[in-house]
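Subject: Structure handover

Hi,

Here is the structure I promised to pass on.

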Amino acid sequence: QVQLVESGGGSVQTGGSLRLSCAVSGYTFSRLCMVWFRQGPGKEREMVAVRNTGSGRTDYSDSVTGRFTFYQDNAKNAVRLEMNSLKPEDTAMYYCAAVRGRWDTRCPRELRDFGYWGQGTQVTVSS
């Protein structure tokens, strides 16, 4: 059973930076597809970035490319999302999620494909 515990988030002004972390336990860390989703007010949950922890392949949504970076810390069995140049439209509840996947697996991108979820953490960007 994969367990995910998120931390980080908070409030920042436009142009600021925040870091989100997601600690992983209960499964082999290098055999996961990890994803960050977000859900803004009145919006559907959308994928922000996804990473295969075995291969390191990472893909980003167009809206965050160049501003957000998805890191993994193998020693701590954790991933984190570094968010820079934040905009008000980045305001959302952010969730990390996981699904089991081999290193040569192309990670899914759909909400329904991820069976393990963190509790969510709020990010608020003010103008």
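Buried residues (under 20% relative accessible area with a 1.4 Å probe, protein chains only; over 50% is exposed, in between partly exposed) make up 45% of the 127 residues in the protein. Keep in mind that this is a predicted model: local features need pLDDT of at least 70, side-chain atom pairs count only at pLDDT 80 or more, and totals for chains, interfaces and linings use all residues. Residues are numbered from 1 along each chain as its sequence is written, and side-chain values use heavy atoms, with hydrogens and water left out.

On the fold: the protein has 11 strands and zero helices (DSSP runs numbered from the N terminus, E of at least two residues for strands, H or I of at least four for helices). Its radius of gyration is 14 Å, close to the 14 Å from the globule rule for 127 residues, so it is as compact as a globular protein of that length (taken over C-alpha atoms; the rule is 2.2 Å times the number of residues to the power 0.38). The C-alpha trace spans about 40 × 25 × 25 Å along its principal axes.

Now the disulfides (cysteine sulfur pairs within 2.5 Å).

Cys22 is joined to Cys96, with 2.1 Å from S to S. Cys22 sits in strand 3 (residues 18-25) and Cys96 in strand 9 (residues 92-100), so this link ties together parts 74 residues apart in sequence. Both Cys22 and Cys96 are buried, and their link is right-handed, with 60 degrees about the S-S bond.

The other disulfide pairs Cys33 with Cys107, at 2.0 Å from S to S. Cys33 is in strand 4 (residues 32-39) and Cys107 in the loop between strand 9 and strand 10 (116-117), so here too the parts tied together are 74 residues apart in sequence. The torsion about the S-S bond of Cys33 and Cys107 is about -85 degrees, so this disulfide is left-handed. Cys33 counts as buried at 1% relative accessibility, and Cys107 is buried at 5%.

What about the nonpolar cores (buried Ala, Val, Leu, Ile, Met, Phe, Trp, Tyr and Cys joined through side-chain atoms within 4.5 Å)? The largest holds 27 residues, of which Leu4, Met34, Trp36, Leu81, Met83 and Tyr94 touch the most other members. Apart from it lies another core of nine residues, including Cys33, Val35, Phe37 and Cys107.

Cheers
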